Structures are given as C-alpha cells and as structure tokens.
Amino acid sequence: MKLAFLAAPILLLSACSSTPDTAANGDDPQAQQAQSDSDIICRAEKITGSHIRKRRCRTRAQMEAEAEMARKQVADTLQSGSLGSSTEPQ
C-alpha cells in the first residue's frame with residue numbers, strides 16, 4: 001500500500017514531461033514550428049476562489065487558442081457595453 005502512494009507521484013510527474021523531438025531535420029522551420037506547437041507545457045495556475053494552485057498541462061497551440069478566445073470574449077463584452085452593469089443608465 002505504501003508503495004502505491006510512493007509510485008503515484010512519480011508516474012504523474014513522468015506523464016507531464018515534455019515530448020521527445022520527432023523532427024527528422026532541425027533545419028526545417030515548418031517542422032520546428034509544428035514541434036513547438038505540440039510541446040506540452042505544464043503550469044501551476046490559481047483556481048478562482050481558492051488559494052490552492054493546480055498543475056495544468058496543455059500544448060502551446062491549446063494555450064494560444066484559449067488566449068485568443070479570451071481576447072474575443074473581452075472584445076465582444078466591451079463592444080456590447082454590458083460590462084456587468086445591473087441597471088440601465090437613465
């Protein structure tokens with residue numbers, strides 16, 4: 001039982017390690033870009049309403065897509081003028 005508690009963190013940490021380099025030739029910029037987009041990046045992020053950080057692993061492409069979606073949501077909110085006002089102006 002104790003062995004399972006010791007082995008679990010090791011397995012979790014090894015699962016978050018970066019992927020091996022699969023590009024055959026380091027001179028190809030498109031292959032390097034594709035490889036860098038598929039690299040897994042792990043970050044400790046604060047959860048809203050909590051002081052505890054959670055480790056979150058995503059690819060660079062996923063992180064960029066989430067950032068772009070957040071920018072669009074902010075722009076849409078600013079354009080619509082509904083920044084959270086509960087009453088209409090008089």
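This is a predicted model: local features need pLDDT of at least 70, side-chain atom pairs count only at pLDDT 80 or more; totals for chains, interfaces and linings use all residues.
## Cysteine pair

Cys42 has a relative accessible area of 21% and is therefore partly exposed, where buried means under 20% relative accessible area, exposed over 50%, and partly exposed in between (1.4 Å probe, protein chains only). Residues are numbered from 1 along each chain as its sequence is written, and side-chain values use heavy atoms, with hydrogens and water left out.

Cys42 and Cys57 are joined by a disulfide with an S to S distance of 2.0 Å (a disulfide being a pair of cysteine sulfur atoms within 2.5 Å). This pair links distant parts of the chain, 15 residues apart, with Cys42 in strand S1 (residues 40-46) and Cys57 in strand S2 (residues 53-59); strands (E, at least two residues) and helices (H or I, at least four) are DSSP runs, numbered from the N terminus. The link is right-handed, with 110° about the S-S bond.

## Salt bridges

The structure holds five salt bridges, each a side-chain nitrogen of Lys or Arg within 4 Å of a carboxyl oxygen of Asp or Glu. Among them, Glu45 pairs with Arg56 at 3.5 Å between the closest N and O atoms, and this pair connects strand S1 to strand S2. Arg58, which is buried at 9% relative accessibility, pairs with Glu66 at 2.9 Å, and Glu66 is partly exposed at 31%. Glu45, Arg56, Arg58 and Glu66 are linked in a network of salt bridges.
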